[in-house]
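Open the model in your viewer and keep the selection tool at hand. The stops below say what to select next and what is there.

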Amino acid sequence: MLEKFTFRDMGSAYSSFLEYSGLQECVILQTCNRVELFGVGNTKDIERVKKTWASVAGLEENAFKENLEISEGTEAFEHLLKLTSGLDSLVVGEEQILGQIKKSINTARELNASGNNLNILFDKAIRVGSRVRHSTGISRGSISIGSMAVKLAEENIDDLKSKHILLIGTGEAASLVAKSLKKRNIEFFITSRTYERAKAFAETVGGNPIQFENAISSFKKVDVLFVATVAPYFLVTYDRIKEAMGSKKTGMMIMDLSNPRTVDERVSTIKRIKMMNLDQIAEIVDKNMRSRIGVVSSAEKIINEEILVVEAVMKRLEVEPVVKNVFKDIDQVRIKELKKALQMLGETDEQKIRIIDQLTQAIVEGIISTPMNNLRKATEQGDSELLKSVSKLFNYKIKE
Ligand SMILES: NC(=O)c1ccc[n+]([C@@H]2O[C@H](COP(=O)([O-])OP(=O)(O)OC[C@H]3O[C@@H](n4cnc5c(N)ncnc54)[C@H](OP(=O)(O)O)[C@@H]3O)[C@@H](O)[C@H]2O)c1
């Protein structure tokens with residue numbers, strides 16, 4: 001399902017959203033567990049956003065019916081803070097999401113898709129995520145899906161070190177498995193569709209690289225198989241494993257970390273096969289994490305504090321353009337009238353001109369500063385009525 005909503009070409013996705021959706025700013029966050037769009041706009045026309053999304057991803061319009069969650073304002077800020085803190089991850093506290101969020105905002109910045117609002121929001125959320133991780137230690141005890149898969153293999157198989165282990169995949173998920181195997185000094189074979197990538201992986205992360213075709217045809221030797229790829233079909237089919245097990249006396253453990261799965265579920269029905277998929281591994285990780293409930297509640301406490309700061313910062317962003325325009329317009333009037341007066345006086349003495357200029361500036365600031373500061377304060381505290389009135393008084397347009 002998630003696959004359907006995924007954006008393949010970020011550049012064209014961003015330009016379509018900016019051109020057709022009514023959003024002035026946007027950031028796309030896409031990981032193996034979520035596809036999210038953060039947007040800022042003058043209208044709340046969700047239908048237009050959905051239409052754009054449908055056309056970019058090639059979806060039917062009703063695809064969103066049961067698959068879309070929408071959050072606005074504070075709820076959306078809170079969601080982002082939970083994400084950066086790792087509270088909304090499959091493995092609570094995991095580090096990767098923070099890196100993925102940094103990557104998303106950087107891409108949006110490079111493509112000029114994010115602006116003042118989202119840049120400030122994401123920067124703040126990333127700082128909160130780091131603070132939560134530092135002060136609660138939520139990431140310290142966290143166990144990655146990759147190392148849990150290795151731990152489960154260790155628990156289920158006697159003397160794992162002496163077994164023939166094959167890892168298919170050279171991406172992030174595969175490297176989590178590889179790192180965990182290496183940490184335990186366990187030898188393994190690594191393969192990927194592209195042999196060069198398997199070789200490079202072996203050099204940087206570890207493992208003995210083998211050609212993909214050789215790996216697939218040597219399943220009968222394999223005792224433990226880890227699969228972490230993004231192949232859009234079953235790489236490990238029922239027939240292949242059935243054939244391998246025909247000439248194999250011992251069992252085989254298969255861990256499919258891929259989402260969507262790349263090992264056919266029917267494989268688990270073959271005799272002497274023990275199989276686990278990503279959801280099952282994640283569930284075990286989740287149970288492990290329950291023991292850290294105290295840590296989660298301290299993380300939530302920090303988020304509750306920080307959400308107030310984020311709200312104030314974002315509200316300030318709403319009011320700042322109006323304040324800036326009021327000062328600018330009044331200053332233009334001041335300069336125009338100052339010039340007129342100086343001309344009428346025929347004043348040429350620089351010191352006198354400077355004194356008159358400073359006098360007019362002081363009058364303008366003296367009159368306008370207090371109301372503008374009150375406007376800022378009121379908006380930060382959630383009172384938007386004053387902003388509406390000021391905008392009306394000075395003929396400025398603000399977000400609905
Ligand atoms: N990243 C995570 O933290 C994480 C966590 C849990 C689960 N997962 C799941 O793990 C899987 C891999 O994620 P990833 O982030 O590691 O992805 P990735 O970095 O994009 O790596 C993709 C791997 O899949 C291989 N691949 C792609 N298309 C293939 C095809 N048609 N046939 C055979 N191999 C193919 C690639 O091999 P070549 O490049 O050599 O072609 C590469 O080794 C995904 O299903 C994801 O949902 C990821």
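Start with Pro260, which is found in the loop between strand S7 (252–256) and strand S8 (273–277). Helices (H or I, at least four residues) and strands (E, at least two) are DSSP runs, numbered from the N terminus. Select Asn259 as well: a cis peptide bond joins Asn259 and Pro260, with omega about 5°.

Before moving on, note that this is a predicted model, in which local features need pLDDT of at least 70, side-chain atom pairs count only at pLDDT 80 or more, and totals for chains, interfaces and linings use all residues. Residues are numbered from 1 along each chain as its sequence is written, and side-chain values use heavy atoms, with hydrogens and water left out.

Select Asp159, in the loop between helix H7 (145–156) and strand S3 (165–168). Asp159 is not a glycine, yet its phi is positive, about 50°. Asp159 counts as exposed because its relative accessibility is 51%; buried means under 20% relative accessible area, exposed over 50%, and partly exposed in between (1.4 Å probe, protein chains only). Next select Asn185, in the loop between helix H8 (172–183) and strand S4 (189–191). Asn185 also is not a glycine and has a positive phi of about 60°; at 60% relative accessibility, Asn185 counts as exposed.

**Salt bridges**

A salt bridge here is a side-chain nitrogen of Lys or Arg within 4 Å of a carboxyl oxygen of Asp or Glu. By this rule the count comes to 23. Select Lys151 and Glu155, whose closest N and O atoms are 3.8 Å apart in a salt bridge. Both residues lie in helix H7, 4 residues apart, about one turn of the helix. Lys151 is partly exposed at 30%, whereas Glu155 is exposed at 56%.

Which residue forms a salt bridge with Lys248? The partner is Asp223, with the closest N and O atoms 3.3 Å apart. Lys248 lies in the loop between helix H11 (238–246) and S7, and Asp223 in the loop between helix H10 (212–217) and strand S6 (224–227), so the pair ties together parts that are 25 residues apart in sequence. Lys248 is buried, with a relative accessible area of 5%, and Asp223 is buried at 15%.

**Domains and cores**

Colour by domain: domain 1 (2–136), domain 2 (146–290) and domain 3 (310–393), with bounds from an automatic or database domain assignment. The centres of domain 2 and domain 3, taken over C-alpha atoms, are separated by 66 Å.

Now select Val27, Phe38, Trp53 and Phe122, the residues with the most contacts inside the largest nonpolar core, which has 46 residues. Such a core is a set of buried Ala, Val, Leu, Ile, Met, Phe, Trp, Tyr and Cys residues joined through side-chain atoms within 4.5 Å. Elements that each supply at least two residues of this core include strand S1 (23–30), helix H6 (116–136) and helix H13 (293–345). At least three of its residues come from each of domain 1 and domain 3.

Centre the view on Phe122. Leaving aside neighbours within four places in sequence, Phe122 is in contact (heavy atoms within 4.5 Å) with Val27, Phe38, Leu80, Ile101 and Ile105. A second, separate core of 33 residues includes Ala178, Leu181, Phe201 and Phe226.
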